[in-house]
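Trainee: Hi! Could you walk me through this structure before the group meeting?

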Amino acid sequence: MPAVSFQNISKTYATPKGELQALRSVSFDIEQGEFFGLLGPNGAGKTTLISVLAGLAKATGGTARVHGHDVQTDYQAARRALGVVPQELVFDPFFTVREALRFQSGYFGIQKNGAWIDELLHSLGLTDKASANMRQLSGGMKRRVLVALALVHKPQVIVLDEPTAGVDVELRQTLWQFVSQLNKQGSTVLLTTHYLEEAEALCGRLALLNRGEVVALDRTSQLLKRAASNILRFKTDDVLPAELAAQARITGRVVQLPANDALAVERILAQVREAGASADDIEIRKADLEDVFLELIQGSNAAQSAKTAQGAAA
Ligand SMILES: Nc1ncnc2c1ncn2[C@@H]1O[C@H](COP(=O)(O)OP(=O)(O)OP(=O)(O)O)[C@@H](O)[C@H]1O
Ligand SMILES: [Mg+2]
């Protein structure tokens, strides 16, 4: 039985501007014990999919299951198997950290949870904040508490929606150590993040969501093989020839272009020279997940635009 199963999930929001289709027939399974990454640009539908799983949003179509429990018809069992760290910082300002954790344990019907609460506080570096009021905590501390709250009932499936947004390097490391340890002990992890380095390092498989559709799903190592294997990087103050600019990733002065072999490198540099432009600090590096990600998103956007244009012409 998969840990998580999405079958043809669609979700439409009614907005003042009309209907917005946030998810379009999303289907995939996450096996028990996997460390799975859900990636995608802002607005792709990641949080919506997680909200459907957590029973916080009702899918317009399709079914979602946690350890075989339908999130609609078998909500309590599904919710119990799930620990969700939400993207938004939501908390009750009147509780202390320990009270909040006790209250959450009570919600799941767990009476004597002190030992596990202490362990959570310790592992997340919160021990000296246990008696602090939630509203006295910094943003990063609140996020740690959200992680502890999600884990208080020892869920089989841990869902983390952007857990490291706005979090310092130290906590990121503590958090990943802790979550990896739980994963090694058998917990399934579903993670969304915009830090692609984290996804590359942690996740065995990745799904890429774009405009509500799964556009790629594969083992991380396989996805990495898909894009150009080498990237030529240089700096310039000049305008690039249009043909190069169209393929390039440009950040300020830094230009990055796929270039798999020496010939491709020579060709690009010749084009730059012929255009009367300069190229400084030239280097060649291995392609990473960000390169793959951008290539796939660009491809998917182009395909969708072509489909829309075709539809308009028909
Ligand atoms: N409650 C809502 N009402 C109307 N539209 C919504 C609602 N929640 C989300 N949306 C829209 O649905 C789409 C998907 O949003 P979602 O929050 O799932 O994206 P996301 O992939 O989590 O993005 P991010 O990386 O920014 O967190 C967006 O276009 C968003 O504006
Ligand atoms: Mg989101």
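Mentor: Happy to, and we'll go from the overall layout down to single parts.

Mentor: This is a predicted model, where local features need pLDDT of at least 70, side-chain atom pairs count only at pLDDT 80 or more, and totals for chains, interfaces and linings use all residues. Residues are numbered from 1 along each chain as its sequence is written, while chains are lettered from A and ligands numbered from 1 in the order in which they are written.

Trainee: OK. How many helices and strands are there in the protein?

Mentor: The protein has 11 helices and 14 strands. Both are DSSP runs numbered from the N terminus: H or I over at least four residues for helices, E over at least two for strands. The C-alpha trace spans about 75 × 50 × 40 Å along its principal axes.

Trainee: And what share of the residues counts as buried?

Mentor: Of the 314 residues, 33% are buried. Buried means that 20 or more other C-beta atoms lie within 10 Å of the residue's own; with 12 or fewer it is exposed, and in between it is partly exposed, with C-beta atoms placed from the backbone.

Trainee: Which domains does the assignment give?

Mentor: Domain 1 covers 4-224 and domain 2 covers 228-313; such bounds come from an automatic or database domain assignment. Their centres, taken over C-alpha atoms, are separated by 35 Å. Domain 1 puts 12 residues into the contact and domain 2 puts in 9 residues. Contact here means that the C-beta atoms of two residues, placed from the backbone, lie within 7 Å.

Trainee: Which elements give two or more residues on the domain 1 side?

Mentor: They are helix 7 (196-202), strand 9 (205-210), strand 10 (213-219) and helix 8 (220-226). Helix 7 gives the most, with 3 residues. That side of domain 1 divides into 9 nonpolar, 1 polar and 2 charged residues. For those classes, Ala, Val, Leu, Ile, Met, Phe, Trp, Tyr, Cys and Pro count as nonpolar, Asp, Glu, Lys and Arg as charged, and the others, Gly among them, as polar.

Trainee: Switching topic: which residues come nearest to ligand 1?

Mentor: Tyr13, Asn42, Lys46, Thr47 and Thr48 do, out of 13 residues around ligand 1. A residue is near a molecule if its C-beta atom, placed from the backbone, lies within 6 Å of it. The shell divides into 4 nonpolar, 8 polar and 1 charged.

Trainee: Which element gives the most to that shell?

Mentor: Helix 1, with 3 residues. Strand 1 (4-15), strand 2 (18-30) and helix 1 (46-53) each supply at least two residues of the shell.

Trainee: Why is helix 1 described as largely enclosed?

Mentor: Because 7 of its 8 residues are buried, helix 1 is largely enclosed by the rest of the structure. Those buried residues are Lys46, Thr48, Leu49, Ile50, Ser51, Val52 and Leu53. After helix 1 comes Gly55, whose phi is positive, near 75 degrees.

Trainee: Do strands 6 and 7 run parallel or antiparallel?

Mentor: Strand 6 and strand 7 (residues 157-161) run parallel, joined by 4 bridges. Leu82 stands opposite Val157 in strand 7. Strand 6 (residues 82-85) is covered on both faces, with Leu82 and Val84 buried on one side and Gly83 and Val85 buried on the other.

Trainee: Last one: which residues of helix 4 are buried?

Mentor: In helix 4 (residues 114-123) they are Ile117, Leu120, Leu121 and Ser123. Their cover includes helix 3 (97-107), helix 5 (139-151) and helix 6 (169-184).

Definitions and conventions
Two strands pair if DSSP finds at least two bridges between them.
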